Amino acid sequence: MTDLIFHIFGATLNSSTPIMLAALGGMFTYYANIFNIAMEGMMLMGAFFAVYGSYFFGSWAVGILFALLSGISMALLFALFAIYLHCDEFITGIGINMVALGWTTYALRSTFKVKGALISPRIIGLPRWQIPFLHKMPFLEEIFSNHPFVLYLAFGLAFVLDLLIFDTKFGLRLRATGEDPETAKSAGINPAGVKLLSTILCGILSAMAGVYLSLGYVTLFSENMSNGRGWISLAIIILVKGRPLSILGLSLVFGFFESIGLILQHYKLAPQFASMIPYLATLFVLYVYGKQRRRTEW
Amino acid sequence: MSSVFIKMQRNSPLEVYKALYDYGLGSWYSFSSSLNAATPLILTGVSAAIAFASGVVNLGQHGQLLMGAIVTAILGVYLDTWRWVGIPLLAVTGGVAGALWAGIVAAMRRFYRMDEFISTLMMNFVAEYFTIYLVTYPFLDKKAYVPATKLIKRLYFMPDINGLSVAFLVALVVAAFCHWYMRTTKRGYEFRMMGYNVNFAKIGGCSIESNVTLVLLYTGFLSGLAGSLLILGGTQHRFMKGIGANFGWDGVMIAIIANNSVIETILYALFFGILKNGGIGMEFETSVPSEFIVFLQAVIVLTVVATRSAIEFYGQRIKSLVKLRKVVTKG
């Protein structure tokens with residue numbers, strides 16, 4: 001039983017990472033006051049190109065490089081439409097998500113000649129890190145050790161970004177642009193530039209979330225493999241109003257629910273109900289927050 | 001623009017477009033099957049258009065469609081009545097199922113102040129898994145190759161006129177009704193006012209919350225109807241895994257490029273139907289897989305929307321510059 005609990009905690013860290021990365025990415029655009037719902041698409045593109053690079057060049061590093069490039073180009077596309085051509089951000093986001101979905105399913109078929117999922121030994125996954133001093137404590141080792149290295153970076157990043165947003169000049173500028181672009185302009189900040197930068201950062205982090213999905217979590221690519229994680233991360237951002245450490249906390253909650261679902265599949269529960277759990281959890285969290293809000297308003 | 005991408009895949013763009021045309025529009029057969037392909041798109045599109053025009057972010061078309069489809073598919077197997085009672089009854093129950101599914105979201109919004117934007121999305125996934133569960137365990141047809149329900153009774157198949165399914169006509173009539181409803185009735189006016197300016201509508205005496213609930217139920221009904229027409233009038237006549245395809249998101253995109261107007265939505269839905277149907281033909285003729293169409297649609301949407309908003313924005317800027325100059329020279 002204790003084994004199972006430790007396993008769940010380990011799996012929680014694992015499944016919360018992609019959600020958290022995407023949410024941290026979306027945090028930038030949240031503070032820049034861009035209603036960005038394209039995380040889903042950026043994540044999917046990242047996942048695809050990570051597998052692409054890893055498959056053809058036999059190295060996870062190239063995979064990450066490709067994914068980051070795809071993330072940046074998706075972000076530039078978003079910025080082109082939403083910031084420079086003044087399209088509605090919501091519409092652009094939906095468009096970008098559809099482009100990503102269409103392109104990845106299409107390319108999966110035309111490049112790899114498979115439909116549904118690409119599973120191949122040629123895809124090199126991310127290396128896993130052993131935490132050296134944990135050998136003496138087997139329980140903690142079970143939880144914290146032997147994860148893909150991006151996981152550790154992601155958790156560190158949450159703390160770094162908290163500092164970045166609230167304690168640096170860049171963070172201040174970012175928030176100022178989001179609050180009131182005209183005032184920011186009068187203070188000598190280029191709002192469009194800051195928005196562009198925040199979109200690109202969002203693209204990079206969302207693409208990393210995709211890398212984690214396709215090279216870390218599992219080593220394969222399947223159609224629409226982000227499967228709503230971008231939407232969940234958006235829900236997280238809106239709920240916690242963008243604070244990075246709260247994002248970390250709430251992502252862990254979602255990771256926990258997701259891993260519970262995975263564990264329950266081994267028992268009697270039908271797999272479809274287990275897969276439903278993260279989405280139901282989102283609804284539940286939404287309910288809790290809605291209740292809180294109602295209390296403060298009345 | 002899309003031809004660039006086709007070129008990149010070493011296919012001749014012209015050939016692709018020709019195949020698209022031949023199979024989408026070229027003959028009565030392909031045209032009528034394009035119209036059939038457009039049927040669910042019209043309904044999900046109108047559903048999204050009405051929701052957006054009223055300022056309600058209903059993105060749950062996918063889930064509502066699935067619920068409508070599954071209810072129709074299951075009832076269609078077990079229901080025992082005459083043909084002309086059964087078909088409308090099944091279609092309406094499908095729509096009601098979609099409306100109830102949206103009604104859950106409406107209730108959550110009304111009583112717990114949960115944002116419908118996220119909850120409709122999440123309900124999509126829940127509906128997806130729930131329907132897959134239903135077709136894999138309780139209602140599985142053991143003879144089918146993929147998880148699917150049994151075929152609905154043959155007498156409930158919607159008739160077709162020369163290849164054109166009656167389902168298309170039903171969708172068209174329903175869409176026309178929606179146009180009339182939004183344009184001429186008091187409620188429709190209230191809905192539109194809510195979309196323009198919530199505060200204005202509030203001051204004008206609309207009850208926002210109950211109107212939002214109504215809009216959700218109404219648009220849910222439309223999506224659910226799309227699902228049940230898919231079962232009654234489509235080609236499979238059973239609920240299969242993946243039957244919802246991309247209709248929900250396509251509907252959303254169609255509503256967006258149509259600027260939330262019902263009539264334009266119908267036209268764009270026809271256009272998307274032609275593309276979809278042509279895409280299948282394109283796969284036969286050239287080596288471009290039909291998945292390319294999803295990508296092509298997204299590119300079209302982005303281009304149309306971008307051009308429109310860019311023209312609007314820069315047009316306004318030029319206008320104001322001209323005005324400014326006039327004022328300056330006069331002074």
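## Close-up views of a predicted two-chain model

**View 1. Contact between helices α11 and α12 of chain B.** D250(B), I254(B), A255(B) and I257(B) of α11(B) meet T265(B), Y268(B), A269(B) and F272(B) of α12(B). Two residues are in contact if their C-beta atoms, placed from the backbone, lie within 7 Å. Sorted by class, the contact of α11(B) with α12(B) has six nonpolar, one polar and one charged residues. Ala, Val, Leu, Ile, Met, Phe, Trp, Tyr, Cys and Pro count as nonpolar, Asp, Glu, Lys and Arg as charged, and the others, Gly among them, as polar. The model is predicted, so local features need pLDDT of at least 70 and side-chain atom pairs count only at pLDDT 80 or more, while totals for chains, interfaces and linings use all residues. Residues are numbered from 1 along each chain as its sequence is written, and chains are lettered from A and ligands numbered from 1 in the order in which they are written.

Helix α11 of chain B covers residues 247–257 and helix α12 of chain B covers residues 262–285; their axes come within 9 Å and cross at roughly 130 degrees. That angle makes α11(B) oblique to α12(B). Angles under 35 degrees count as roughly parallel, over 145 as roughly antiparallel, 65 to 115 as roughly perpendicular and the rest as oblique. Axes are lines fitted to C-alpha atoms, for helices over the stretch in contact, and angles run from 0 to 180 degrees between N-to-C directions. The crossing of α11(B) and α12(B) is right-handed. A crossing is right-handed if the near helix is turned clockwise from the far one by less than a right angle, and left-handed if anticlockwise. Helices (H or I, at least four residues) and strands (E, at least two) are DSSP runs, numbered from the N terminus.

**View 2. Crossing of helices α7 and α8 of chain B.** The axes of α7 (residues 166–184) of chain B and α8 (residues 186–196) of chain B come within 5 Å and cross at roughly 75 degrees. The result is that α7(B) is roughly perpendicular to α8(B). On the α7(B) side the contact uses Y181(B), M182(B), R183(B) and T184(B), and on the α8(B) side G188(B), F191(B) and R192(B). Three nonpolar, two polar and two charged residues make up the contact of α7(B) with α8(B).

**View 3. Packing of helices α2 and α10 of chain A.** Helix α2 (residues 39–57) of chain A packs with α10(A) at an angle of about 135 degrees, and their axes are 7 Å apart. α2(A) and α10(A) are therefore oblique to each other. α2(A) passes α10(A) in a right-handed crossing. M39(A), E40(A) and M43(A) of α2(A) make the contact with R229(A), G230(A), W231(A), S233(A) and L234(A) of α10(A). By class, the contact of α2(A) with α10(A) has four nonpolar, two polar and two charged residues.

View 4. R229(A) lies in helix α10 of chain A. R229(A) is buried, with 26 other C-beta atoms within 10 Å. A residue is buried if 20 or more other C-beta atoms lie within 10 Å of its own, exposed if 12 or fewer, and partly exposed in between, with C-beta atoms placed from the backbone. Apart from its neighbours within four places in sequence, R229(A) is in contact with P18(A), I19(A), A22(A) and M43(A). Y289(A) is 60 residues from R229(A) along the chain, and the C-alpha atoms of the two are separated by 20 Å.

**View 5. Where chain A touches chain B.** In this view, 35 residues of chain A are in contact with 35 residues of chain B. On the side of chain A that touches chain B, the elements giving two or more residues are α4 (89–112), α10 (229–240) and α12 (271–297) of chain A. α12(A) gives the most to that side, with 14 residues. The residues on that side of chain A divide into 20 nonpolar, ten polar and five charged.

**View 6. The chains behind the close-ups.** Chain A has twelve helices and four strands, and chain B has 13 helices and two strands. The C-alpha trace of chain A spans about 60 × 50 × 40 Å along its principal axes; that of chain B spans about 85 × 55 × 35 Å. Of the 298 residues of chain A, 51% count as buried, and buried residues make up 51% of the 331 residues in chain B.
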